[in-house]
Structures are given as C-alpha cells and as structure tokens.
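Please keep the structure in view while reading.

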Amino acid sequence: MIPGPFAYHRPKSVKEAVAMLADLGEDARPLAGGHSLIPMMKLRLAAPSDLVDLAGITELKGIRAEGPDVVIGAMTTEHEVIASELLTGKVPLLREAALVIADPQVRYVGTLGGNAANGDPGNDMPAVMIALDATYHLVGKGGERRVAARDFYQGTYLTALKPGEVMTAIRIPVPAAGHGYAYEKLKRKVGDYATAAAAVVLTMKGGSVAICTIGLTNVAAKPLNAVEAAKIVTGSRLDAATVKRAVAAAEAITSPASDRRGTPQYRTKVAGVMVARALQRASARAA
Amino acid sequence: MATVQISLQVNGKAVVAAVEPRALLIHFLREELSLTGPHIGCDTSHCGACTVDLNGKSVKSCTMFAVQADGAKVITIEGIAAPDGTLHALQEGFRQMHGLQCGYCTPGMITRAYRLLQENPKPTEAEIRAGIAGNLCRCTGYQNIVKAIQYAAAKIAGVPFQEAAE
C-alpha cells in the first residue's frame, strides 16, 4: 500500500514548524512517529497535502523534572519513556503503560505526544494522562496554551488541538511518594488495541484509599475519567462491596463500539474487570 | 511529484538518492537498492518481516518513509554477516537450532534479535520472547527461534550453549 503524494518538510524549531503549518493550511499535518498516521495514509484514510516532520526539532525531546512536575517532550518515544530512570522513579505508571503499547519496533519510533494527541480512543496514554491529571502544552502561531488532559478529548479523532497547533510537551504532577498505580489492559494479542483498559493512581492512608483517580481506555469515543468510581472507593478499604459499586459506576459510563474485540456488553464488563484488577494491584503497591 | 534528495548509510555504504516523499523505506530498500532481504509481510506494521536497524533501533520499514531515514545508518539482513561471508552468531544459531522453516520472517527476526542482543547480551527466555513480540512467525511456534537467539547469545559471550531441559 502506497500513500497518496504529499510534500515533505523538516523544520528545525517549533516556531518554524507552526509557521509552516499555518502557511500550508488545514491539509498539512505534523508527523511525529508516524505509527498511526502512516498506516492511515497507506489505507488512504488520510491524505495530507504536506507532512511537517517534527523529528529534527531537538526542543521536543527530553524528560526533565521541573518543580513538582515532570515535563516530557512530545517527541519522546515510548522506548525512551520505558528506559527513563527519572520516570520509572517518579511516575512508574508511564512505563507500565508504555510496555503494553504495540511492540518493541513500534515503541522505538512511536512517541508519547503522538499517542496522547492522536485522539484515537484505542490509544493507551490518554487514559493514563487523565488518571495522572497531566497538562498538555499546545503551541500554535499565536503562542502556547495549556490544556488539561481531562479537557482535551472530545470524540474519536476530535481533540482540543486546533489545526496548525502542535503538542510540544506533557506536564505531569508527580504523584505522592508511596502512591500506588496500575494499568490493566486486556488485548487479544501483542500490538492490538485494548478490548478495555483501566489506569489507576491512588494513595493509601491507614489502610484506606486517600486519593484515587481512574482513567478508561477504548470503551467510548474518547478516553474516560471515571470520577464516580474513584469517588466511591475514596475513603474505603477497598472491600469487596465497595469495589463492586465502583465497578458498576465505571461500567455505567462506558459506551464501547461493537467490533472484533467484542460486543458492547462484553467490553463494558471487561472495563469493570480491569478497574477491579487495577484497584487491587495499585493498592497492593501503595505504601 | 517533486523528489527529495536523501543521503544515508546502508550496510556501511554511503547512498545518495532522490526519492518521492511518499516512498516507504521498505520499497526504497527493495526496489531502489535491490536489498530484498527485508520482506513485506502484512504491510500494516504488525508482522515485523520488514524490520531493519535504523540508528541503533529496530524499525518496521513498511511504516516509515525513506525521507525519514535521511542521514541515518541502516542495517538490513544483508549487512549482518561479516564482509567475508562468515555468518553472524544469530545466523548460525538459526541454522543450528532450526529457527526457520519457510524463512519468510527470518530476516526480520534476525535483524530484530541483533538489536535485542546489543541492548541485552544475556536475555532470559522471557526477555527474548518479549523482545521479538513484534515479529510474527507462522511456521515454527517460536520455540526454535528462541533457542537460536539463546545459541547466539552464548556464542557471542563465548560460553557453551546449553539447551534448557524440555
């Protein structure tokens, strides 16, 4: 399969890239790792007039601690996320989630920013970013604005990213030391999107849940913030009855598509199972 | 469509070429450079038959444009053996351990395993299986591929290869 023709550009800075995107118009697309965009172009589901390759922009790379946050350049690859000692120490949920994305070859090339900005409900990082309460740095010709991950997703391939804007970085508030975390994903095989997946971040105090957030992957047109489920478990000791109520609350907000991964009913039940497992594993890990 | 000039190193040789931006790296390697070792299997970045090494990373060359490889160092299966034709430990391992049947996945498997052993010279069986999770084989059931990689790791480390008890 060969994509349709396009013109290729390789800017050296974010400023140059957004100026190019503004000049080239709405049919131009930024190219990150390309592991979502290129397959779509090969299927002719996408036919951009121009690709603005972000690979040559060094300011989009790198992982750094900044006050209470870690800031990750949008072009940081999943492989680099997995290999980062800083992230493994401060936000280990990212490594756990990155390890179940696609396969080694794809993770060498696929980027954190691409996964977060793409807007496909099958992407894993959006629910993780929702659970972590991350903020996205978006830069357009008019300058930078910051949008919370929890406000970013609007529907399938619909996000707050405007034409001509580029996601430059992801800012994550470092969860409290001793927090528990888990990303539970059911997939049919390596490389598949989730049948359903759940990201949990929590802290425990005296055997009870002090703070909890839950994100859900691929069970609606956009990643979900399971606020009610998180509220139900907060203050509890994660006893069976409470977990059951939280699972029901999480299931209640799903509206998965019917596809080869299963019927909507099945995928909703899987989402509940993933929430229960993630809560269990996160609490076992919490100090 | 206008072409773009790229220069890269492929299997140690400098290459300068004019490519259409939409030309995929796999097509460039196979059709322009006649390096037909990397195969097109699924053409959807699942099977790994097209795997090549690019700047020290295993990549699926069906999901990358040739222009993205501008300035890169690329190694294909053709560049794995020594210049005098002596087989690489991995190639020897695949032969000794019967790590292939039809052979279609083998160039991608070996190229991927080449990078895996650079990053992790003493992988456990589980690490080998995770490391080649992006390469599909429809013949072997993977058992002998894992053995072939273990054989190569032992040979590179200079220790005798011992097959794990079944």
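## How the helix angles are to be read

Axes are lines fitted to C-alpha atoms, for helices over the stretch in contact, and angles run from 0 to 180 degrees between N-to-C directions. The model is a predicted one.

## Helix packing in chain B

In chain B, helix 3 (residues 106-119) and helix 5 (residues 143-157) cross at roughly 45°, and their axes come within 11 Å. Helix 3 of chain B is therefore oblique to helix 5 of chain B, and the crossing of these two helices is right-handed.

On the side of helix 3 of chain B, the contact is made by Met109(B), Ala113(B) and Leu117(B), which face Ile145(B), Ile149(B), Ala152(B), Ala153(B) and Ile156(B) of helix 5 of chain B. Sorted by class, the residues of this contact comprise 8 nonpolar, no polar and no charged.

## Overall make-up of chain B

Chain B contains 5 helices and 5 strands, and from the N terminus on its elements follow the order β-β-α-β-β-β-α-α-α-α. Its radius of gyration is 16 Å, close to the 15 Å that the globule rule gives for 166 residues, so chain B is as compact as a globular protein of that length. Taken along the principal axes, the C-alpha atoms of chain B fill a box of roughly 60 × 30 × 25 Å.

## A helix pair in chain A

In chain A, helix 11 (residues 240-252) and helix 12 (residues 264-285) pack at an angle of about 140°, with their axes 9 Å apart; the two helices are therefore oblique to each other. Helix 11 of chain A passes helix 12 of chain A in a right-handed crossing.

Helix 11 of chain A contributes Val243(A), Ala246(A), Val247(A), Ala250(A) and Glu251(A), and these meet Thr268(A), Ala271(A), Gly272(A), Val275(A), Ala276(A) and Leu279(A) in helix 12 of chain A. By class, this contact has 8 nonpolar, 2 polar and 1 charged residues.

An open sheet of 4 strands in chain A has the order 11-12-13-14, with antiparallel pairing. Strand 11 (180-186) and strand 14 (224-225) of chain A stand at the edges, each with a single partner strand, so one side of each is left without a neighbour in the sheet. Strand 14 of chain A pairs with strand 13 (residues 208-217) of chain A in the antiparallel sense over 2 bridges, and Asn225(A) in strand 14 of chain A is the bridge partner of Gly215(A).

Helix 12 of chain A packs on this sheet, where it touches strand 11, strand 12 (196-205) and strand 13 of chain A, and the direction of the helix makes about 30° with that of strand 12 of chain A.

How values were computed
Residues numbered from 1 in each chain as written. Chains lettered and ligands numbered in written order. Predicted model: local features only at pLDDT ≥ 70, side-chain atom pairs only at ≥ 80, totals over all residues. Parallel < 35°, antiparallel > 145°, perpendicular 65-115°, else oblique. Left-handed = near helix turned anticlockwise from the far one by under 90°. Contact = placed C-beta atoms within 7 Å. Nonpolar A, V, L, I, M, F, W, Y, C, P; charged D, E, K, R; others polar. Pairing = 2+ DSSP bridges. Rg over C-alpha atoms; globule rule 2.2 N^0.38 Å.
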